[in-house]
Amino acid sequence: MDPLRADAGELDVDEILAALADGRRVVIVTELLGSEHEVTLRRDGSTFYCDTPTTLHKHASEAEMRECIRNQGYAREDAEPVED
């Protein structure tokens, strides 16, 4: 299965996690120190991985992976609900 490719902020967290649940890798293109880099997000059984140009992060749960995706800016920020 081909990886899902997106720029940082293009997908929301749920779209990324849904692709991982379907067994797809998600490649996020992000900028670091003025250069573009690719980060590969993947899931192997119950462990989630963030493979960055400098390190490999492991996460034991979907909640940890969700937090990592948000903290690293890989996903689009969720819009705040509008009150009438």
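Q: What makes E3 and E4 a pair of strands, and in which sense do they run?
A: In this predicted model, five bridges join E3 to E4, and the two strands run antiparallel. Two strands count as paired if there are at least two bridges between them, so five bridges meet the cut-off. One of the bridge pairs is Leu41 with Cys50, the latter in E4.

Q: What lies between E3 and E4 in their hairpin?
A: Two residues stand between the strands of this hairpin. Gly45, in the turn, has a positive phi of about 70°.

Q: Why are E4 and E5 called paired?
A: The cut-off is at least two bridges, and E4 and E5 have four, in the antiparallel sense; therefore they count as a pair. Cys50 stands opposite His57 in E5, and Tyr49 has Lys58 in E5 as its bridge partner. E4, residues 47–51, is joined to E5, residues 56–59, by a hairpin through four residues.

Q: How do you know that E1 and E2 pair, and is their sense parallel or antiparallel?
A: Four bridges join E1, residues 4–7, to E2, and the strands run parallel. At least two bridges are required, so the four between E1 and E2 are enough. Within this pairing, Ala6 stands opposite Ile28 in E2.

Q: What is the handedness of the β-α-β unit made by E1, H1 and E2?
A: The unit is right-handed, and its helix, H1, covers residues 13–21. The term right-handed is used because the path from the first strand over the helix to the second runs clockwise when the strands point away from the viewer.

Q: Why is Val13 called buried?
A: Val13 has a relative accessible area of 2%. Buried means under 20%, so Val13 at 2% qualifies. Val13 lies in helix H1.

Q: Why does Val29 count as buried?
A: The relative accessible area of Val29 is 16%. The cut-off is under 20%, so Val29 at 16% is buried. Val29 belongs to strand E2. Gly9 is 20 residues away from Val29 along the chain, and their C-alpha atoms are separated by 9.4 Å.

Q: Why is Arg43 called neither buried nor exposed?
A: Arg43 has a relative accessibility of 38%. Buried needs under 20% and exposed needs over 50%, so Arg43 counts as partly exposed. Arg43 is in strand E3.

Q: What makes Ala75 buried?
A: Ala75 has 8% relative accessibility. With the limit at under 20%, Ala75 therefore counts as buried. Ala75 is found in the segment after H2. Asp14 is 61 residues from Ala75 in sequence, while the C-alpha atoms lie 9.0 Å apart in space.

Q: What makes a set of residues a nonpolar core, and which members of the largest one touch the most others?
A: Members must be buried residues of the listed nonpolar kinds, joined through side-chain atoms within 4.5 Å. The largest such core has 18 residues, of which Ile16, Leu20, Leu41, Met65 and Ile69 touch the most other members. At least two residues each come from H1, E2, E3, E4 and H2. H1 gives the largest share of this core, five residues. In soluble globular proteins, nonpolar side chains tend to be buried together.

Q: Which residues lie nearest the centre of the largest pocket, and how many line it?
A: The lining has 13 residues, and Leu32, Val39, Thr52, Gln72 and Tyr74 lie nearest the centre. Strand E2 (26–32), strand E3 (35–44) and helix H2 (62–72) each give two or more residues to this lining. E2 supplies the largest share, three residues. The space in the largest pocket is about 190 Å³.

Q: How does the lining of the largest pocket divide by residue class?
A: Six of the lining residues are nonpolar, six are polar and one is charged. Leu and Val count as nonpolar, so Leu32 and Val39, both in the lining, fall in that class.

How values were computed: Residues are numbered from 1 along each chain as its sequence is written. This is a predicted model: local features need pLDDT of at least 70, side-chain atom pairs count only at pLDDT 80 or more; totals for chains, interfaces and linings use all residues. Side-chain values use heavy atoms; hydrogens and water are left out. On a 1 Å grid over the protein atoms alone, a cavity is a set of points where a 1.4 Å probe fits but cannot get out, and a pocket is an open set with protein on both sides within 12 Å along at least five of seven lines; lining residues have an atom within 4 Å of a point. Grid points are joined across faces, edges and corners, and a volume is the space filled by probe spheres set on the points. Buried means under 20% relative accessible area, exposed over 50%, partly exposed in between (1.4 Å probe, protein chains only).
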